[in-house]
Amino acid sequence: MESILSIANSFFTLNDILINDDKVILLTNDQLPESREAQFNLSNRRLIIKARSVQATERVLGIWITLQYSDKFIIQQIKQEISQVCDALRYKKVMDK
């Protein structure tokens with residue numbers, strides 16, 4: 001993992017891209033200390049990331065990611081997204097009148 005992060009960090013430095021460490025997400029089912037912190041030493045800084053719980057779900061670029069397969073969660077997300085689309089269509093219909 002540290003090797004992958006080091007390569008990514010080199011790419012970001014080369015292309016003058018700034019990364020917000022506060023938005024870094026770590027999902028893992030590996031055993032971590034009770035603090036759930038993972039430390040990575042990069043060339044120009046030390047990165048400490050608090051891992052999310054195994055049950056956590058995170059949305060990255062519009063895609064929901066979770067370590068546990070859950071039909072209930074998937075169905076809930078589908079219902080929520082359909083509801084949002086229906087609300088938007090109803091709003092548009094009202095505004096078009």
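This is a predicted model: local features need pLDDT of at least 70, side-chain atom pairs count only at pLDDT 80 or more; totals for chains, interfaces and linings use all residues.
Biologist: Is N9 buried or exposed, and how should I read the value?

Modeller: The general idea is that a residue is called buried under 20% relative accessible area and exposed over 50%, with partly exposed in between. N9 has a relative accessible area of 6% and is therefore buried.

Biologist: Where do salt bridges occur, and how many does the model have?

Modeller: The general idea is a distance test, in which a side-chain nitrogen of Lys or Arg must be within 4 Å of a carboxyl oxygen of Asp or Glu. By this rule there are 3 salt bridges. In one of them R52 pairs with E58, with 2.8 Å between the closest N and O atoms; R52 is partly exposed at a relative accessible area of 29%, whereas E58, at 15%, counts as buried.

Biologist: What does the pair R59 and E81 tie together?

Modeller: The side chains of R59 and E81 meet in a salt bridge with an N to O distance of 3.5 Å. Because R59 lies in strand 3 and E81 in helix 2 (residues 71–96), the pair ties together parts that are 22 residues apart in sequence. R59 is partly exposed, at 44% relative accessible area, and E81 is partly exposed as well, at 33%.

Biologist: How many residues apart are R90 and D87, and where do both lie?

Modeller: Both R90 and D87 lie in helix 2, 3 residues apart, which is about one turn of the helix. Their side chains meet in a salt bridge at 2.6 Å, N to O, and D87 counts as partly exposed with 40% relative accessibility.

Biologist: Turning to the strands, how many bridges join strand 3 to strand 4, and do they run parallel or antiparallel?

Modeller: Strand 3 (residues 57–60) and strand 4 run antiparallel and are joined by 4 bridges. One of the pairings to look for is V60, whose bridge partner in strand 4 is I63. I63 lies in strand 4, residues 63–66, and with a relative accessible area of 53% I63 is exposed.

Biologist: What is the phi of L61 in this hairpin?

Modeller: The hairpin of strand 3 and strand 4 has 2 residues between the strands, and L61 takes a positive phi near 50° there. L61 counts as exposed, at 83% relative accessibility.

Biologist: Where else is there a positive phi in a residue other than glycine?

Modeller: D16 is one such case, with phi near 55°. D16 lies in the loop between helix 1 and strand 1 (37–41), and at 67% relative accessibility D16 counts as exposed.

Biologist: Finally, which residues make the nonpolar surface patch?

Modeller: The general idea is to join nonpolar side chains within 5 Å, taking residues with over 30% relative accessible area and no salt bridge. Here I25, V60, L61, I63 and I65 make a nonpolar surface patch of about 470 Å². On viewing it, recall that V60 and I63 are bridge partners, and that L61 lies in the loop between strand 3 and strand 4.

Notes:
Residues are numbered from 1 along each chain as its sequence is written. Side-chain values use heavy atoms; hydrogens and water are left out. Buried means under 20% relative accessible area, exposed over 50%, partly exposed in between (1.4 Å probe, protein chains only). Patches are made of residues with over 30% relative accessible area and no salt bridge: like charges are joined within 9 Å, nonpolar side chains (Val, Leu, Ile, Met, Phe, Trp, Tyr) within 5 Å. Accessible areas come from the Shrake-Rupley method with a 1.4 Å probe; for residues, only the protein chains shown count as cover. Two strands pair if DSSP finds at least two bridges between them.
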